[in-house]
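Please look over the model shown here before reading on.

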Amino acid sequence: MTFKTLLVAYDGSEFGREALRTAVDNAPLLGATVHVIYVVKSRSYTSAAVDSHIGVVEPRSEQLLQMFEREAEEMLAKAQEIVSDAEVEIVPHTVIGDPRDEIIETAKEIGADLIILGSAGKGRTKRLLLGSVSNSVVAESPIATLVVHAPSEEK
């Protein structure tokens, strides 16, 4: 199997950064294009939020959408910083929805061969209570999926 189009789920966490680093380290070896997706969770979009610049923002308002756009731009700019030394260009994607669904849908839309995402390595109990994006994507995706764990500081 050849991986030419990689989709990395990036959320700014250490696990997301490790997934991005993995994609960037391997893309030149594979001759692959790296796409990076940042998903604004739809449940955030349906509730009031507080913006540091303008205060409380009503759900589904133009200000809330602008706040999410700024958040996504900041996240994708951080992703670009991570890859700047690697001489690998990334193709950014921002979507609103459930990360579990949006990652898979975007992968299909761009013709991705491989999805790369990080995992916090939650225990079974936390995974059952909180859910796991990485578990859901692995279980649901028709596309090869690589789950990257951030290096543990515990030795």
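L6 touches A23, A27, A32, T33, V34, H35, L114 and I116, leaving aside residues up to four places away in sequence. The model is a predicted one. In soluble globular proteins, nonpolar side chains tend to be buried together.

**Nonpolar cores**
- L6 is among the residues with the most contacts inside the largest nonpolar core, along with V8, L20, V34, V36 and I116. This core has 26 residues.
- At least two residues of this core come from each of β1 (5–9), α1 (14–30), β2 (33–41), α3 (62–83) and β6 (114–119).
- The most is given by α3, which supplies 7 residues.

- An open sheet is formed by 5 strands in the order β5-β2-β1-β6-β7, with parallel pairing.
- At the edges are β5 (90–97) and β7 (144–149), each of which pairs on one side only.
- On average, neighbouring strands of the sheet are turned by 25° against each other, direction ignored.
- The parallel strands β1 and β6 are joined by 3 bridges.
- V8 has I116 in β6 as its bridge partner.

**Helices on the sheet**
- Helix α4 (residues 99–110) lies across β1, β2, β5 and β6, and runs at about 150° to β2.
- Helix α6 (residues 133–140) packs on the sheet and touches β6 and β7. The direction of α6 makes about 155° with that of β6.

Technical notes
Residues are numbered from 1 along each chain as its sequence is written. This is a predicted model: local features need pLDDT of at least 70, side-chain atom pairs count only at pLDDT 80 or more; totals for chains, interfaces and linings use all residues. Side-chain values use heavy atoms; hydrogens and water are left out. A nonpolar core is a set of buried Ala, Val, Leu, Ile, Met, Phe, Trp, Tyr and Cys residues joined through side-chain atoms within 4.5 Å. Buried means under 20% relative accessible area, exposed over 50%, partly exposed in between (1.4 Å probe, protein chains only). Helices (H or I, at least four residues) and strands (E, at least two) are DSSP runs, numbered from the N terminus. Contact means heavy atoms within 4.5 Å. Two strands pair if DSSP finds at least two bridges between them. Axes are lines fitted to C-alpha atoms, for helices over the stretch in contact, and angles run from 0 to 180 degrees between N-to-C directions.
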